[in-house]
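Subject: Structure for you to look at

Hi,

Here is the structure I promised to send over. Have a look at it first, then read on for what turned up.

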Amino acid sequence: AMKLDAAWDATEGPIWPLEVRVVAQEHLQSFHQATAMTVASREWEDGDFIRHHPGCHYYKEPCQQLYLQAATIFEDKVRALLQRQTLG
């Protein structure tokens, strides 16, 4: 889960919709395992916005598998969100 910036929330938060918040860059663009290890960054975790595949071409292996995994995660999250909205 993303850690929010309490100082920003106290000052700027009230003027923005609840959906708008400042978070650490790593939660918006974390990496697949191999890249995270080589650039001393953080590997993507459930709850992060997107998994970045720098230098990975969608038409080459193993990138095709990485993009398929990312697309499947995104589709599952959208389905769950739509289901919650339908039930809510």
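First, what counts as an aromatic pair: the rings of Phe, Tyr and Trp (its six-membered ring) pair if their centres lie within 6.5 Å, and planes under 30 degrees apart are called stacked, over 60 edge-to-face, and the rest tilted. The structure holds one such aromatic pair. Tyr58 and Tyr59 make it, edge-to-face, with 5.3 Å from centre to centre and 90° between the planes.

Two notes on where the numbers come from. This is a predicted model, in which local features need pLDDT of at least 70 and side-chain atom pairs count only at pLDDT 80 or more, while totals for chains, interfaces and linings use all residues. Residues are numbered from 1 along each chain as its sequence is written, and side-chain values use heavy atoms, with hydrogens and water left out.

Back to the tyrosines. For accessibility, buried means under 20% relative accessible area, exposed over 50%, and partly exposed in between (1.4 Å probe, protein chains only). Tyr58 is exposed because its relative accessibility is 61%, whereas Tyr59, at 49%, is partly exposed.

There is also a charge over a ring (NZ of Lys or CZ of Arg within 6 Å of the ring centre and within 35 degrees of the ring normal). Here the charged end of Arg51 sits over the ring of Trp44, 5.6 Å from the ring centre.

On to the disulfide, which means a pair of cysteine sulfur atoms within 2.5 Å. Searching the whole structure gives one: Cys56 is joined to Cys63, S to S 1.8 Å. The torsion about their S-S bond is about -110°, so this disulfide is left-handed. Both ends are buried, Cys56 at 13% relative accessibility and Cys63 at 8%.

Next, some places along the chain. Helices (H or I, at least four residues) and strands (E, at least two) are DSSP runs, numbered from the N terminus. The loop between strand E2 (51-52) and H4 holds Pro62, and the peptide bond from Glu61 to Pro62 is cis, with omega near 0°. Most peptide bonds are trans, as a rule. His53 lies in the loop between E2 and H4 too, and it counts as buried because its relative accessibility is 4%. The C-alpha atoms of His53 and Gln33 are separated by 9.7 Å, with the two residues 20 apart along the chain. In helix H3 (residues 33-38) you will find Thr35, which is buried at 11%. From Thr35 to His52 the C-alpha distance is 8.8 Å, across 17 residues of sequence.

Last, the largest pocket. On a 1 Å grid over the protein atoms alone, a pocket is an open set of points where a 1.4 Å probe fits, with protein on both sides within 12 Å along at least five of seven lines; lining residues have an atom within 4 Å of a point. Its volume is the space filled by probe spheres set on the points, which are joined across faces, edges and corners. The largest pocket holds about 700 Å³ of space. It is lined by 23 residues, and the closest to its centre are Gly47, Asp48, Phe49, Phe74 and Lys77. Helix H4 (residues 63-87) gives the largest share of that lining, eight residues. By type, the lining has 15 nonpolar residues (Ala, Val, Leu, Ile, Met, Phe, Trp, Tyr, Cys and Pro), seven charged (Asp, Glu, Lys and Arg) and one polar (the others, Gly among them).

Cheers
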